Amino acid sequence: MSSMLRTALVCATPVCRVGILHSGSRLAPKLGTTFATRALIHSGQPNNNSLTGKRVNEESVTGTEGFHIKDSATSKQGLTTPDAISTLPPTIVRGDWVLFHPVYSQEEIKAVEVLQREAKTISDKIACNLVKLTRWGFDLVSGYKHKPIPADSQMSLEELRKGGYILDEKAWLSRILFLETIAGVPGMVAAMLRHLTSLRLMRRDSGWIHTLLEEAENERMHLMTFMTLRRPSLFFRGLILGAQGVFFNLFFLSYIISPRTCHRFVAYLEEEAVLTYTRCIQDVESGRLPEWSNMPAPEIAKDYWRLDPGAKLLDVIYAVRSDESTHRFVNHSLANLNTETDVNPFALREPDMLVKGRKPGFTREEAEKYVLESHQMLEQGKADSK
């Protein structure tokens, strides 16, 4: 069973994930239960993951080489139907994306909490301190302070901005645009390296590549959304070019040395992103950012996150914060796994925001249980479709 589960989870397509995604908290794992064996999440034998380990004339098991559209029990009309999570319309691709991404309910977007996972190991502490150093440097250069506003303050909006207590809309937008150009790098670099490793060693990837690419595309869509509000100057683009070049190469080399530390670094970085967007939401809702209070949501955001026609920019920021919470959860979970042998527990589905927004990530035991539940749901879906 373990080998079949492993291959089934590795090759799942976005179609398989559509119906599972909206299962809600009913399908969230009951944490605490573990298994004595690690076979469900660990291959055990290197040859089990080799493309040459199967005889040419051996009968194929469904899902071993990749799911066909007919294997999906959730949608029998293809990716161009309106119910597909890839948001492809019936005839043409309208958006700038094609990969899986979640669509949140109102309950989910309000469920996100600001969390900080305790750094326990040496690698965790290195990752955490690097994030703190990076944030401190960026805050210093950008002049970001966000000092606590005194409880009895009678300062005007202009005085609060000049005093470094809050940012104006231009400063917020510059900060968001810069951060999102950097945030889209780790997922792409990690996916590229795992892709090359899979080719070089001629073995399967255990489902990590797709999730990492989804993260990179999701971060890029954040950038595309906020780009509709401002056209950056040549100087700003030059800063991004330099920062991206430095960060890409540093992350590239770091991921070769320690993928686990890099995933932890990204997770701690996403913790800071959740904090930043939470502060932005507070400023908008408290009236300290009046320029964005009633601004309509960009059309690209309405389409991407399936927002209501009358959605505001505040709804977009809530959705973006939920995405960052997802990346926080996923990367903390991946950092708890063996990056060489363990299956990606999110290859088929992800928990809803009632889990991802309130928990830093899965432990290895919790991920193991989640993989088993995904397998059981897949088998049940196949049985129901017959």
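Which pattern does the chain follow when read along the sequence? The answer is α-α-α-α-α-α-α-α-α-α-α-α-α-α, with 14 helices and 0 strands in the chain. Helices (H or I, at least four residues) and strands (E, at least two) are DSSP runs numbered from the N terminus.

This is a predicted model, in which local features need pLDDT of at least 70 and side-chain atom pairs count only at pLDDT 80 or more, while totals for chains, interfaces and linings use all residues. Residues are numbered from 1 along each chain as its sequence is written, and side-chain values use heavy atoms, with hydrogens and water left out.

**Whole chain.** Select all 386 residues: 51% of them are buried, meaning under 20% relative accessible area with a 1.4 Å probe, protein chains only.

The structure holds 5 cavities of 30 Å³ or more. A cavity is a set of points on a 1 Å grid over the protein atoms alone where a 1.4 Å probe fits but cannot get out; lining residues have an atom within 4 Å of a point. Points are joined across faces, edges and corners, and the volume is the space filled by probe spheres set on them. The largest cavity has a volume of about 130 Å³. Select Glu 214, Glu 215, Thr 326, His 327 and Glu 350, the closest to its centre of the 13 lining residues. Helix H8 (208-227) and helix H12 (313-335) are the elements that give two or more residues to this lining.

**Thr 326.** Stay in helix H12, where Thr 326 is placed. Thr 326 counts as buried, at 5% relative accessibility. Leaving out residues up to four places away in sequence, Thr 326 touches Tyr 104, Glu 350, Met 353 and Lys 356 (contact means heavy atoms within 4.5 Å).

**Aromatic pairs.** The structure holds 12 aromatic pairs. Rings of Phe, Tyr and Trp (its six-membered ring) pair if their centres lie within 6.5 Å; planes under 30 degrees apart count as stacked, over 60 as edge-to-face and the rest as tilted.

Select Phe 178 and Phe 236, an edge-to-face pair at 6.3 Å centre to centre and 80° between the planes. Phe 178 lies in helix H6 (residues 169-183) and Phe 236 in helix H9 (residues 234-257), so the pair ties together parts 58 residues apart in sequence. Phe 178 is buried at 16% relative accessible area, and Phe 236 at 9% relative accessibility.

Next, select Phe 329 and Phe 362, also edge-to-face, at 4.9 Å centre to centre and 75° between the planes. Phe 329 is in helix H12 and Phe 362 in the loop between helix H13 (353-356) and helix H14 (364-385).

Definitions and conventions
On a 1 Å grid over the protein atoms alone, a cavity is a set of points where a 1.4 Å probe fits but cannot get out, and a pocket is an open set with protein on both sides within 12 Å along at least five of seven lines; lining residues have an atom within 4 Å of a point. Buried means under 20% relative accessible area, exposed over 50%, partly exposed in between (1.4 Å probe, protein chains only).
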